[in-house]
Amino acid sequence: MKFTINIDCTPAEARAFLGLPNVEAMQEKLIAEIEKQMVANIKSMDPEAIFKTWLPASLQGVEQMQKMFWDQLAGAAKGGKKA
């Protein structure tokens, strides 16, 4: 035997029925504080400094991949012997 019960209520009504606390005010204050901190951090970021931080690592990775690729080709050209 199978029973199905559909309850139509809002989230606030469900919280009140289950005895859970209403945390909407705290959540709104927390989100506002996080947004304020994110805006402050974004304003303090210098795009040039970000690129200097990220770009060398990515270029080095590309250079390593190219070196590995050329080493494999050179090894195949020498009859399978690795350089």
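Which residue forms a salt bridge with Glu33, and how far apart are the closest N and O atoms? The partner is Lys36, and the separation of those atoms is 3.7 Å.

The mean pLDDT of the chain is 81, and 81% of its residues reach 70 or more. Confidence is highest in H1, at a mean of 90, and lowest in H3, at 74.

Let me turn to the architecture. The chain has three helices and zero strands, so that, read from the N terminus, its elements run α-α-α. Helix H1 covers residues 11-18, helix H2 residues 24-44, and helix H3 residues 47-77. Just after H1, Gly19 adopts a positive phi of about 80°.

How much of this chain is buried? Of the 83 residues, buried ones make up 1%. Helix H1 illustrates the point: among its eight residues, the count of buried residues is zero. The chain as a whole exposes about 8,300 Å², and carbon and sulfur atoms supply 65% of that area.

Part of the surface forms a nonpolar patch. Leu30, Ile31, Ile34, Met38 and Ile42 make up this patch, which amounts to about 490 Å². One of its members, Ile31, lies in helix H2.

I come now to the charged contacts. A search of the whole structure finds three salt bridges. The opening example, between Glu33 and Lys36, sits within H2: the two residues are three apart in that helix and are therefore separated by about one helical turn. Glu33 is partly exposed, at 34% relative accessibility, whereas Lys36 is exposed, at 54%.

A second salt bridge joins the side chains of Asp71 and Lys67, with an N to O distance of 3.1 Å. These residues are four apart in helix H3, and thus again about one helical turn separates them. Asp71 is partly exposed, with a relative accessible area of 36%, while Lys67 is exposed, at 53%.

The remaining salt bridge brings together the side chains of Glu24 and Arg15, at 2.7 Å from N to O. Glu24 is partly exposed, having a relative accessible area of 39%.

Finally, the aromatic side chains. How many aromatic pairs does the count give? The count comes to one. The ring centres of Phe69 and Trp70 are 5.6 Å apart and the planes stand at 70°; because an angle over 60 degrees counts as edge-to-face, the pair falls in that class. Phe69 is partly exposed, with a relative accessible area of 48%, and Trp70 is exposed, at 54%.

To summarise, we have a predicted model of a chain with three helices and zero strands, in which 1% of the residues are buried. Thank you for your attention.

Key:
Residues are numbered from 1 along each chain as its sequence is written. Side-chain values use heavy atoms; hydrogens and water are left out. Rings of Phe, Tyr and Trp (its six-membered ring) pair if their centres lie within 6.5 Å; planes under 30 degrees apart count as stacked, over 60 as edge-to-face and the rest as tilted. Buried means under 20% relative accessible area, exposed over 50%, partly exposed in between (1.4 Å probe, protein chains only). Patches are made of residues with over 30% relative accessible area and no salt bridge: like charges are joined within 9 Å, nonpolar side chains (Val, Leu, Ile, Met, Phe, Trp, Tyr) within 5 Å. Accessible areas come from the Shrake-Rupley method with a 1.4 Å probe; for residues, only the protein chains shown count as cover. A salt bridge is a side-chain nitrogen of Lys or Arg within 4 Å of a carboxyl oxygen of Asp or Glu. pLDDT is the predictor's confidence in each residue, from 0 to 100.
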